[in-house]
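Please read these notes with the model open beside them. They are meant for someone who has not looked at this structure before.

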Amino acid sequence: MEPIHTLQNHTLEIQLALIAVLLPFAAFITNFIVVKTASGKTEGWLATICILLSLISSAFLFSKIWNREPVHQQILWFQIGTVKIFAGLLLNNLSVLMLVLVSGIALAVHFYSLAYMEGDRNFRRYFRYLSFFCFAMLALVVVDNLLLLYAFWELVGFASYLLIGFWFTREKAVQANKKAFIMNRIGDIGFLIGIMILFAHFQTFDLLTLFSHPNNFTTAGGLSGTWLTIAGLCFFLGAMAKSAQFPLHTWLPDAMEGPTSVSALIHAATMVAAGVFLLARVYPIFNADVKLIITITGTFTAFMAATIALTQNDLKKILAFSTISQLGFMVAAMGMGAYASALFHLTTHAFFKCLLFLSAGVIIHEMQHLKEKLHLEIDPQNILYMGGLRKALPVTFVTCIVAGLALIGLPLTSGYLSKDGILIQAFEWAEGRSFFYKLIPISILITSWLTAFYIARLMFKVFWGESKLKEMVPTFELHFSKENNLFAWPMLFLALFSLFPVFSLNPLLYEQSWLFKGFLTADYFERENLYHTLIPAAVNIITIPVIYLAYLQYFRKSINWFPESGLLFRLSYNQWYIDRFYQNHVVKTVVWVSQKLYAFDRLVIDGFVNLLAKTGLLFSEISKWLDRYLVDGLVNFIAFRVRDIGSFARGFQTGKVQQYLLGMLLVILSIYLFKTLI
């Protein structure tokens, strides 16, 4: 991780960062409170202009910060006893790269959404949510302490919940956003525990204080041993859920229920990227044991998701599992110490994956149009009903091919540079270690070939051959369809950034990339060995036959080596049965336990409480009876007797002297007789 220093008097840089972050929030507030038009177009353009200005501000800030001393400025937020909590901005290479990346991808999605969401009755609400989502993610990457990082981390999750369930009248969308929200809460608990462990030990949330001192996470007076491992695992759990790593990955394919433009933003540079960003931000906390777990998790996730993508027929789900797989590459790279390569791939992946999703949106839009035109009952996202769309959607076809080649990692694309970096460094990491460690780079290499196969399958089924709709409507002919400029220009912009010149003038050496160099540690030195030649050659020599194999299987249909039957097919098609396992065992077990706990609470706890209440009522009734008939009865009896005596005595008070004398005489006589008789 790059060194961090505190610098003062950087007012311009701080202002640029605040402008970049707050402009989307200003759009959200303005659209929510002030602007309300009938069509909603004003809200859409306002949000788009704000994110454009945010990108300009981020780019200017990038030029001021990149490969220079980081800028840090903070103010006292609040104080508890002697503990002071500061809030501020931390601007280093990682921060400004993410600012440009998030705002750049968001700008493409905003322009695209102006056309994609046109006619939707909730057009205004969509752009409010989108602006809020961008604000949360932009703020996440620049804050300087773990407490604020966690706050904006939660806001990113909340915004994604709103956008995934945007069409909340659809039951699947409601279930999908709840699933995403709940599964991410599991990771967030780990993240929060990790923060609390660090705070308990260092009494601060400040990233500078925590990570700028080399001895903070060593045995020489810092956090080490078991607690360091636990803290590292807790932070990784947070990243695992956000970046959809096994076993907390199943929410991401279901998140496709939101608008496709939302899927593009979530999968490219916002929510799922936040997990990898967290790993980069707190990287010094991970010791060797945690890094090994991160490596294994990322490698397995990449392989598993790639095998699932091989057999899926839903266009967006194929891309979703592709995202999970590519995130696995990044996570594994972080675990192996390939910090620069992980962030390099995070950046390149954002552009070509966003492009793939925007292309998918155009394809689905066209299929929906054909469905309505031909009055067919088909799923417009199912690639089995597609084919020949390169004739109808030429711009989408070209840009999608560029993105697909970048995802495969063929030469002349940005994906080739970033993925080769991970593959080469994976083999270097395993060199000199046992066979178990060598399984990691071998698995990543196999996953790379699987990626080539499932993307080739997707392309051949969608763009080549004859339209499958012709089998349903023999008279149907697929014609050229004019593509909306608001679709085409963002996709062309992203296609440009999916090619190598943006990142390196040398199309074959990832080490020459300006981005890769920007994250090298001080002790890095280039290792020129056999892997730097062998790995790229092996990848491409086998990738081309793999693509040709997909061509024969799905376009020419001259072979049938991959029948849609058998154990392996069912395992892949049913997503390794993980989601079904969760539903049948985890969810049902939780529901069963909850029902039993509810019954225990209702029958035992509530029963005991109600018994105590009824017993209390019984004793109160008895006390009431005793009070009324014994205590009050005795008091009233005495009172009545006193009253009677008083009434009797009052009869003698007549005011007549004769009666008083007679009374005295009678008393004296009575006393005399009493004494005489006794």
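**Notes on the predicted model**

1. Pocket lining. Four helices, α6 (171-202), α9 (251-254), α13 (315-336) and α14 (339-374), each supply at least two residues of the lining of the largest pocket. The biggest share comes from α14, with 6 residues. Helices here are DSSP runs (H or I, at least four residues), numbered from the N terminus. The lining has 29 residues, and Y116, W167, R170, I364 and Q381 are the ones nearest the pocket centre. By class, 12 of the lining residues are charged, 9 nonpolar and 8 polar. Charged covers Asp, Glu, Lys and Arg; nonpolar covers Ala, Val, Leu, Ile, Met, Phe, Trp, Tyr, Cys and Pro; the others, Gly among them, are polar.

2. Pocket volume. The largest pocket holds about 800 Å³ of space. A pocket is an open set of points on a 1 Å grid over the protein atoms alone, where a 1.4 Å probe fits, with protein on both sides within 12 Å along at least five of seven lines; lining residues have an atom within 4 Å of a point. Grid points are joined across faces, edges and corners, and the volume is the space filled by probe spheres set on the points.

3. Basis and confidence. This is a predicted model: local features need pLDDT of at least 70 and side-chain atom pairs count only at pLDDT 80 or more, while totals for chains, interfaces and linings use all residues. Residues are numbered from 1 along each chain as its sequence is written, and side-chain values use heavy atoms, with hydrogens and water left out. The mean pLDDT (the predictor's confidence in each residue, from 0 to 100) is 88, and 95% of residues reach 70 or more. Confidence is highest in helix α12 (residues 288-309), at a mean of 95, and lowest in helix α19 (residues 469-472), at 80.

4. The start of the chain. Over residues 1-7 pLDDT stays under 50, and the model has 25 contacts for them beyond four places in sequence. A contact means heavy atoms within 4.5 Å. Where pLDDT is low, the predicted coordinates should not be read in detail.

5. Aromatic rings. The structure holds 50 aromatic pairs. Rings of Phe, Tyr and Trp (its six-membered ring) pair if their centres lie within 6.5 Å; planes under 30 degrees apart are stacked, over 60 edge-to-face and the rest tilted. F581 and Y582 form a tilted pair, 6.2 Å centre to centre with 55° between the planes. Elsewhere, ring pairs link a cluster whose members include F62, W66, Y283, F286, Y339 and W514.

6. A buried helix. All 9 of the 9 residues of helix α10 (residues 260-268) are buried, so α10 is largely enclosed by the rest of the structure. Buried means under 20% relative accessible area, exposed over 50% and partly exposed in between (1.4 Å probe, protein chains only).

7. T297 sits in helix α12 and is buried, at 13% relative accessible area. Beyond four places in sequence, T297 is in contact with F236, M240, Q245 and F246. The peptide bond from F246 to P247 is cis, with omega near 5°, and P247 lies in the loop between α8 (225-242) and α9. That loop also holds A244, which has a positive phi of about 55° although it is not a glycine. A244 is buried, with a relative accessible area of 0%.

8. Another positive phi. Which phi does Q203 have, positive or negative? Its phi is positive, about 60°, although Q203 is not a glycine. Q203 lies in the loop between α6 and α7 (207-211) and counts as partly exposed, at 42% relative accessibility.
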